[in-house]
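Trainee: I have a new model to read and would like to go through it feature by feature. Please give the general idea each time, then the case at hand.

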Amino acid sequence: MFKNETLRYNALNKIADPNGIVIFGCGEDFSIPVGELRQAFAITSKIYNRSFPNLSVKEAITIYDEYVSSLTPETVLLHIGMNDLNFFHENSTLFIQKYRELLAHIRQQNANCRIAIITLKNHDNNSLIGELNTHLKYLSESEHCEYIDISAKKLWNPKGTMDAVSFVYSIGFVHPLQNKRPLYDLAKIFFCYEA
């Protein structure tokens, strides 16, 4: 099902350092240019993209165990649901149950892992995506995860952000984007860089 990704991720996991930030998503997340964005925004944290184009919440635990767990992530940025819109429409309760099981599984493997649930983009105001995002918000509150809303089309100036990072460096603050910075900033960089 994910043959190309599995070979690539198995090879990368052998050389990856543990305790970084992992992007675990679906669809277009697979092609997030992590290296270029880390460089452009002077991010010093270890960031790994372990996204799959066709990932569904239904098989997320199995995929997590095979390709993310060995990285013992300090933070997981979850961006799952785009491939589950029909599943959510048919049975939103089961969708949330599967998502909740994934969260519990991640915490069972690493109780100190920060988890951020990232909404689906909804630039066209699709009512189904809006409803799914609302459920994700309630889920993040009940499960004590960070909730990052990237659904609305917002004006974001990547050049302005890069200039701000450059200014911070110029005044002597050498490490502005460490792991503990607000996850919203990292999500904005990785999921909205094309805005």
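Trainee: Among contacts in the protein chain between residues at least 6 apart in sequence, what percentage join residues at least 24 apart?

Mentor: Contact means heavy atoms within 4.5 Å. Among contacts in the protein chain between residues at least 6 apart in sequence, 80% join residues at least 24 apart. Before going on, note that this is a predicted model, in which local features need pLDDT of at least 70 and side-chain atom pairs count only at pLDDT 80 or more, while totals for chains, interfaces and linings use all residues. Residues are numbered from 1 along each chain as its sequence is written, and side-chain values use heavy atoms, with hydrogens and water left out.

Trainee: How many helices and strands does the protein chain have?

Mentor: Helices (H or I, at least four residues) and strands (E, at least two) are DSSP runs, numbered from the N terminus. The protein chain has 8 helices and 5 strands. Read from the N terminus, the elements run α-β-α-β-α-β-α-α-β-α-β-α-α.

Trainee: What is the order of the strands in the sheet?

Mentor: Two strands pair if DSSP finds at least two bridges between them. Here 5 strands form an open sheet in the order S2-S1-S3-S4-S5, with parallel pairing. Strand S2 (47–49) and strand S5 (146–148) each have a single partner strand and stand at the edges, so one side of each lacks a neighbour in the sheet. On average, neighbouring strands of this sheet are turned by 20° against each other, direction ignored; the angles come from axes, lines fitted to C-alpha atoms (for helices over the stretch in contact), and run from 0 to 180 degrees between N-to-C directions.

Trainee: How many bridges join S3 to S4?

Mentor: S3 and S4 run parallel and are joined by 4 bridges. Leu 78 has Ile 117 in S4 as its bridge partner. Strand S1 (residues 21–25) pairs with S3 in the parallel sense over 5 bridges, and Ile 23 stands opposite Leu 77 in S3. Strand S4 (residues 114–118) also runs parallel to S5, with 3 bridges; there, Ile 118 is paired with Ile 148 of S5.

Trainee: Which residues of S3 are buried on each side?

Mentor: In a regular strand the side chains alternate between the two faces of the sheet. Buried means under 20% relative accessible area, exposed over 50%, and partly exposed in between (1.4 Å probe, protein chains only). In strand S3 (residues 75–79), 5 of its 5 residues are buried. Thr 75, Leu 77 and His 79 are buried on one side, Val 76 and Leu 78 on the other, and both faces are covered. For the protein chain, buried residues make up 48% of the 195 residues.

Trainee: At what angle do the axes of H5 and H6 cross?

Mentor: Angles under 35 degrees count as roughly parallel, over 145 as roughly antiparallel, 65 to 115 as roughly perpendicular and the rest as oblique. The axes of helix H5 (residues 92–109) and helix H6 (residues 127–142) cross at roughly 40° and come within 11 Å, and the two helices are therefore oblique to each other. Handedness is a separate reading: a crossing is left-handed if the near helix is turned anticlockwise from the far one by less than a right angle, and right-handed if clockwise. H5 passes H6 in a right-handed crossing. Residues making the contact include Phe 95, Ile 96 and Tyr 99 of H5 and Leu 132, Leu 136 and Leu 139 of H6. By class, this contact has 7 nonpolar, 3 polar and 1 charged residues, where Ala, Val, Leu, Ile, Met, Phe, Trp, Tyr, Cys and Pro count as nonpolar, Asp, Glu, Lys and Arg as charged, and the others, Gly among them, as polar. H6 also lies across S4 and S5, running at about 160° to S5.

Trainee: How is H3 oriented to H5, roughly parallel or roughly antiparallel?

Mentor: The axes of H3 and H5 cross at roughly 25° and come within 9 Å, which makes H3 roughly parallel to H5. This crossing is right-handed. Among the residues in contact are Ile 61 and Tyr 64 of H3, with Leu 102 and Ile 106 of H5. By class, the contact of H3 with H5 has 5 nonpolar, 2 polar and 2 charged residues.

Trainee: Where is Asn 125 found?

Mentor: Asn 125 is in the loop between S4 and H6. Its phi is positive, about 55°, although Asn 125 is not a glycine. Asn 125 is exposed, with a relative accessible area of 65%. Thr 72, in the loop between helix H3 (60–67) and S3, has a positive phi near 35°. Thr 72 counts as partly exposed, at 36% relative accessibility.
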